[in-house]
Amino acid sequence: RMLRWHAPPPLCGVSGRWNLAGGVVLLGVILCSGAGLTSDHDRILRLTRGSYNSSSEELTHLFKGGLTLWGKGNLLKTSVHKAFVKTIDNNFQNAQGLTKWLNGRRKKTNHIKCHNRVQIWAIEGEPGFFSYWDGPYIPTLRLLHKWPDILPKFFVDKNAVRPVLSGANIMCPGLLQPGCTLDDVRPGTIVAIMTPGISEAFAVGLARMGTAEIKEKRRGVAVTNIHCLNDFLWRYNVSMA
């Protein structure tokens, strides 16, 4: 039977069979008034263009240092929500089920600005996507656990799980062990990081190398670790804002 990651209540310890590194960290949230919705239809559509720089260090463990929300954000208007869903459909594989779910009895989606140029799109009170600057959307682990096939998958050796959960990037050797498989991707692709025997992703990363290059070079940093279990984004709850 495939095991699953167990999601803790916000700001509580992690239950289940995995002993996650890092322990419990309390989250301080700074509230600022007057935050307005600046993302309109055109701005949402701009997120379909471009990609993140695969060699950039700025995305490394993006939420390790905390998560400061600039207020509760703003509910997306109907036209902006339609553009948001269209962008999701265009940017992600196997997204038909997700977009149908987003459109069915239109889900309450809030756009929340955070410190360090991070933006979060919370769907029904739970973080669904985030972006850095005006870069493309990146799905959160909580969304991936519901819709696991929207990202390519990289399987890493079980011995690399704890370092990744502590914020380490994913190295080539950890992806080339027996039982580890890699979907075919190009540099700059957002990928789900998994381990054999667990049915859910435990991290989301940015591929610094394409699949062929990883297999050819067999050394160096293969994936930038952006977001992982037990970081501040994983523990986010809409009640914090």
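Predicted model: local features only at pLDDT ≥ 70, side-chain atom pairs only at ≥ 80, totals over all residues.
Q: Which are the edge strands of the open sheet?
A: Five strands make up this sheet, in the order 1-2-3-4-5, with antiparallel pairing. An edge strand pairs on one side only, and that picks out strand 1 (74-75) and strand 5 (138-139).

Q: How far apart are the end C-alpha atoms of helix 2?
A: Helix 2 covers residues 78-91, which is 14 residues. At 1.5 Å a residue that should span 20 Å, and the end C-alpha atoms agree with it: they are 20 Å apart.

Q: Which residues of helix 2 are buried?
A: Buried means under 20% relative accessible area. In an α-helix, residues three or four places apart point the same way, because there are 3.6 residues a turn. For helix 2, the buried ones are V80, H81, A83, F84, V85, T87 and I88.

Q: Which residues of strand 8 are buried on each side?
A: Side chains in a regular strand alternate between the two faces of the sheet. Strand 8 (residues 190-194) is mostly covered, with five of its five residues buried. One side has I190, A192 and M194, and the other has V191 and I193.

Q: Which residue in strand 9 does I193 stand opposite?
A: Strand 8 pairs with strand 6 (residues 153-155) in the parallel sense over three bridges, and there F154 is opposite I193. With strand 9 (residues 203-207), strand 8 runs antiparallel, joined by four bridges. In strand 9, I193 stands opposite A203.

Definitions and conventions:
Residues numbered from 1 in each chain as written. Heavy atoms only, no water. Helix = DSSP H or I, 4+ residues; strand = E, 2+ residues; numbered from the N terminus. Expected span 1.5 Å × (residues − 1). Buried < 20%, exposed > 50% of the residue type's maximum accessible area, 1.4 Å probe, protein only. Pairing = 2+ DSSP bridges.
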